[in-house]
Structure formats: structure tokens, C-alpha cells
Amino acid sequence: MSVSEQDQGAPVIPGSPLARVLDDYAVPGLSAGFADRVLAAAEVRPAPLPELRQQRRWRGWRLGRGIALGIASFGALATAAAATGLLQQFDIPVPSAEKVWASITGKPPARAAAPAPVIAAAPDTASEPASLAQVEIVGPVDTPEELSEAFRRIDEVRAGRYATRRENITQRIDNAIAQRRAAGLPVPTPEEEAAFRQRVEEAQARRQQLADERLAARRAEMERKVANGEALTRKGIVQPLRDDARAPERLRQLRRMSPEQRREALRQLPPEERRVLMEEYRARRQGPAVPTPAVPADSPPAEQEGAGTGTRDPR
Amino acid sequence: MNASSEPLTSALRIADPGDDAALAARLAARDPAALREVIACHGAALHRACYRMTGDGHEAEDIVQEACLRLWDQAPKIAARHPIGSQAAATLRLGGWLQRVVTNLAIDCLRRTRRLSDGEVPDSADDTPLADTLIEAGERDGTARALIMALPERQRAAIVLTYYEELPNAEAAEAMDMNIKAFESLLHRARAALRQAWTAQGDAP
């Protein structure tokens with residue numbers, strides 16, 4: 001047979017020359033006593049090692065645990081970033097809890113009707129309800145319409161504060177009369193009480209008139225600035241009012257001091273603040289004195305007025 | 001071919017389905033008679049295959065002994081996976097299990113020997129002078145052994161399992177932990193290498 005002519009990978013045919021050569025590979029038998037030797041070795045063979053404690057299934061759990069920890073860490077970081085407003089700095093919208101809940105339940109959010117973008121776009125105005133806005137204020141106040149809208153919002157807030165203040169005054173008068181009656185002290189007659197309330201109302205009206213006059217002057221100045229093309233910011237509108245609003249508080253602080261301490265405190269104040277305090281003092285002094293309980297004789301009249309009404313100067 | 005070189009097939013397939021499971025249960029119960037029965041049933045065939053792969057009778061006996069001891073060790077697990085009376089018990093073949101262990105141990109032994117030695121083929125049969133009547137047989141035996149030993153380990157195992165032990169390709173592939181396609185490719189290369197070696201010796205007619 002010619003090997004080169006045949007498929008060399010073909011099976012070896014029994015009886016072929018190659019098969020006859022391979023069949024001559026003789027094999028000796030097992031030695032005697034082989035089984036006895038194996039049995040003896042099995043007797044002294046140590047016990048096999050126990051299974052490894054860590055099974056294959058723990059490998060998958062390690063991977064799952066890693067994934068779970070990664071997801072939890074990412075969620076914590078994302079929550080922290082959303083809570084601190086970091087995402088908004090990068091213009092990544094973060095829906096509010098109401099919107100998320102509305103998307104889940106399918107109900108419109110309670111505040112969906114409110115024009116939230118208008119509120120967000122008008123940071124330079126007073127904090128009035130945006131639903132009442134007739135003119136949308138975008139950016140600084142630089143047009144007469146926007147300034148009028150800002151004044152309208154401020155007036156709404158002032159009206160609410162005046163109403164609250166009147167209610168507080170009425171409540172305090174009623175409480176004082178009730179306490180005197182409970183203590184067995186003489187109480188004013190209805191006529192005296194009506195006259196007392198009338199004087200309080202008149203004093204309050206005068207103070208409001210003074211405030212309105214100052215406010216009108218300031219608004220005229222702001223309108224002039226806007227007419228000249230100057231833009232007003234929230235700080236430019238509100239901050240001067242806040243400076244003036246600090247004067248009554250300082251007057252109250254001075255009232256709690258002894259006369260010597262009060263004089264020393266006024267002496268140490270900067271000239272600008274001392275002038276503001278004196279103007280406030282004179283403005284309160286021009287108004288009618290509201291009957292108040294025991295006030296030191298040398299205290300400024302403005303303190304008496306503040307103690308009698310228990311109110312702040314409207315901004 | 002002497003008596004000990006009879007095919008292994010009959011020895012491996014004597015047991016009825018399920019008998020090996022009962023034998024494994026007895027081995028798991030540490031019954032020495034069961035181990036002796038296993039050796040009597042499969043020992044000769046395992047030794048024959050191992051001898052043809054290693055060419056060393058002592059090494060072949062050591063490998064068969066190690067395989068039987070591993071069966072002794074693993075018997076509790078095997079019996080647990082193939083309980084008597086179950087469907088798995090019918091599929092248990094201790095002969096195939098032992099054949100796989102012996103084949104792997106023989107291949108490991110050959111690789112270890114190749115690393116430690118210079119690769120010379122053990123040929124102790126030609127070292128001692130023989131009687132004239134045995135000279136010719138010895139030369140034929142030496143020729144066949146040289147042909148087998150010239151093959152790489154895995155090709156050698158494939159030829160031994162399929163030609164000498166007459167195992168089907170599927171069982172031989174299982175004994176070598178290979179899929180059938182890979183084993184057939186290996187067997188094809190082994191036969192080609194065997195024929196080339198035989199041609200190189202100039203014995204081909």
C-alpha cells in the first residue's frame with residue numbers, strides 16, 4: 001500500500017501492514033497482588049480535603065454586591081447634588097417633588113396653575129403673588145410699566161401689613177382692658193374706650209401719611225431715574241427702605257438703656273446714623289402722643305409712640 | 001498481540017445499567033470488596049491503555065492505583081449524585097470515569113517526564129539480549145512502541161483509546177475531556193503522524 005496516495009488520517013484498517021505492526025505492541029499483565037496493594041493504600045490513605053468554604057455562587061454575589069453599592073453611591077451623590085442645587089448650576093433640570101408625584105399619580109400638581117417662570121424671572125421685584133401680576137417684569141426694572149407694577153406689588157404688601165397691624169392694636173387694647181377687669185382695676189367706659197381707639201386710629205393715620213409722603217418722594221425719585229433710562233434693581237428699590245426701617249429698632253434699643261447709657265450710645269454713633277435717628281425721633285415727635293404706660297421722663301418721645309402702638313414704621 | 005492486549009470494550013460494558021451505581025454506593029460505604037471488584041473488572045484494561053501510553057509497566061501500575069484510590073475518595077460524591085434507582089444511576093459508568101482519570105494522569109505523567117528528561121523514548125526492551133526465538137517478536141514490539149511513543153501525548157492517547165481499546169469516538173472524547181469535533185480532528189492528525197512515522201522507518205511495503 002502506498003501511504004502517500006491514501007488519506008493519511010483515515011482509520012487503520014485491521015489486517016493492514018500498519019495494523020499488524022501496531023498489534024505487535026505487547027502489554028504485560030498486572031503484577032500479582034496489585035489489588036491487595038491498592039486496598040492497603042486505600043486503608044492508609046488520608047481523608048480527602050473538605051470542600052472549599054467559598055462556593056462558586058459567592059462569585060456572582062460579589063459582582064452583584066459591587067453593582068448594588070455602585071448604584072447606591074451614585075444615587076446618594078445624585079441626591080446630594082440635586083439637594084444642594086449643584087445640578088441647576090449646570091442647567092440640568094431637576095423636577096420638584098410635586099411634579100414627580102403628579103407624573104406618578106397622573107394628577108396635575110397643585111401649583112401647576114401658578115406661573116412659576118414669572119416668579120423666577122422677576123427676582124428684582126417685591127415678593128408679591130405673581131398670579132396678580134399684570135405686567136411681567138423681566139430683569140432689572142427699567143420701564144415705567146415695570147416700575148408701576150413693582151409699586152403696585154409693594155402697595156399690596158403694605159396694605160396687608162397695615163391691616164395686620166390694626167388687628168394687632170385692637171387685640172392688644174382688648175387684652176389690656178380684659179386684664180384690668182380681671183385684676184379688679186377700673187376699666188374705661190365705652191365712651192372713653194371709643195375716644196381712646198379714635199386717638200389711636202388718628203395717630204396711626206398720621207404716621208401712615210408721613211410714611212406715604214416719604215414713600216411718594218422716593219418713588220418720584222425712582223420714576224425720574226427710570227425716565228432717564230436708569231435701571232433699578234431690587235436692592236436699589238428695597239434697600240433704602242430697610243435702612244430707614246432700622247431706625248425704630250434702634251430707638252427701641254436706646255429706650256431699654258439708662259439715660260446715661262443712651263446719651264453715651266448716641267454720642268458714639270456715626271454722624272450719618274445719628275442723623276437718621278434724630279429725623280426719626282422728630283417725625284415721631286410731630287405726631288400726637290399716644291397714651292402709654294410708664295415711660296421715663298427723659299426718654300425720647302418717639303419711644304413713647306413706639307411703645308404705645310407696638311408697631312413698626314411701614315417701609 | 002498477547003492475551004492482555006484484548007480490547008477494553010467488553011470489560012467496560014459488562015456491567016448492566018445501574019450496577020455501577022450500586023457499586024459506587026458500596027464504595028461510598030467503604031466496602032473493600034467493592035474496590036477489589038472494581039479492580040478486577042477494570043484494572044487490566046486501564047493498565048493496558050496506560051502502559052501503551054507511557055511504555056512503562058511500573059508507571060502504568062502507579063497510575064492505575066492512583067485512579068482507583070481517587071475513585072475510593074470520590075465514591076461518596078459519585079454515589080450521592082447517582083442514587084440507586086434513580087435515572088442518573090442508569091447513566092453512571094465507572095469504567096468511563098476511571099478511563100478519563102487514567103488518561104489525564106498518563107498525559108500528566110508524560111508531560112512531567114518530558115520536562116524532567118531529555119525526551120528520550122524509554123526503550124528498555126531492547127537493552128537486554130533475548131533468545132533467538134524472541135528476537136523477532138521483540139523487534140516488532142520495539143517498532144510498534146517506537147511508533148506510538150513518537151506521537152505527542154494527546155495524539156498517543158487518541159490512538160490508544162480508539163485503536164487498541166476500540167472505544168467509540170464519543171467515549172474516547174469524553175475520556176479526554178474534549179468535544180467530539182475536536183477529538184476527531186486530533187485523531188485525524190494522530191493517524192497521519194503515525195503513518196508518516198511508519199513510512200519514515202521504511203517498513204511500509
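Hi everyone, let's start with chain B, which has 10 helices and 0 strands; helices here are DSSP runs of H or I with at least four residues, strands are runs of E with at least two, and both are numbered from the N terminus. This is a predicted model, where local features need pLDDT of at least 70, side-chain atom pairs count only at pLDDT 80 or more, and totals for chains, interfaces and linings use all residues. Residues are numbered from 1 along each chain as its sequence is written, chains are lettered from A and ligands numbered from 1 in the order in which they are written, and side-chain values use heavy atoms, with hydrogens and water left out.

Now the two chains in turn. Of the 205 residues in chain B, 45% are buried, and buried means under 20% relative accessible area, while exposed is over 50% and partly exposed lies in between, using a 1.4 Å probe and protein chains only. In chain A, buried residues make up 25% of 315. Chain A has 12 helices and 0 strands.

What about surface? Chain B has an accessible surface of about 9700 Å², with 52% belonging to carbon and sulfur atoms. For chain A the figure is about 20700 Å², and 58% of that belongs to carbon and sulfur atoms. These areas come from the Shrake-Rupley method with a 1.4 Å probe, and for residues only the protein chains shown count as cover.

Next, contacts, meaning heavy atoms within 4.5 Å. In chain B, of the contacts with a separation of 6 or more, 71% are between residues 24 or more positions apart. In chain A, 57% of the contacts between residues at least 6 apart in sequence join residues at least 24 apart.

Let's zoom in on helix α8 of chain B, residues 153-164. How many of its 12 residues are buried? The count is 11, so α8(B) is largely enclosed by the rest of the structure. Among them are Ala157(B), Ile159(B), Val160(B) and Leu161(B). The end C-alpha atoms of α8(B) are 16 Å apart, which agrees with the 16 Å that its 12 residues should span at 1.5 Å a residue; the expected span is 1.5 Å times one less than the number of residues. After α8(B) comes Glu166(B), with a positive phi near 55°.

A residue to look for is Ile148(B), in helix α7 of chain B, residues 132-149. Ile148(B) counts as buried because its relative accessibility is 0%. Beyond its neighbours within four places in sequence, the contacts of Ile148(B) include Arg156(B) and Ile159(B), and also Leu22(A) and Tyr25(A) from chain A. C-alpha to C-alpha, Ile148(B) and Val160(B) are 8.5 Å apart, and they are 12 residues apart in sequence.

Finally, helix pairs. Two packed helices are described by the angle between their axes and the distance between the axes. Axes are lines fitted to C-alpha atoms, for helices over the stretch in contact, and angles run from 0 to 180 degrees between N-to-C directions.

Within chain A, the axes of helix α7 (residues 144-182) and helix α8 (residues 190-227) come within 12 Å and cross at roughly 165°. That makes α7(A) roughly antiparallel to α8(A).

Methods: Parallel < 35°, antiparallel > 145°, perpendicular 65-115°, else oblique.
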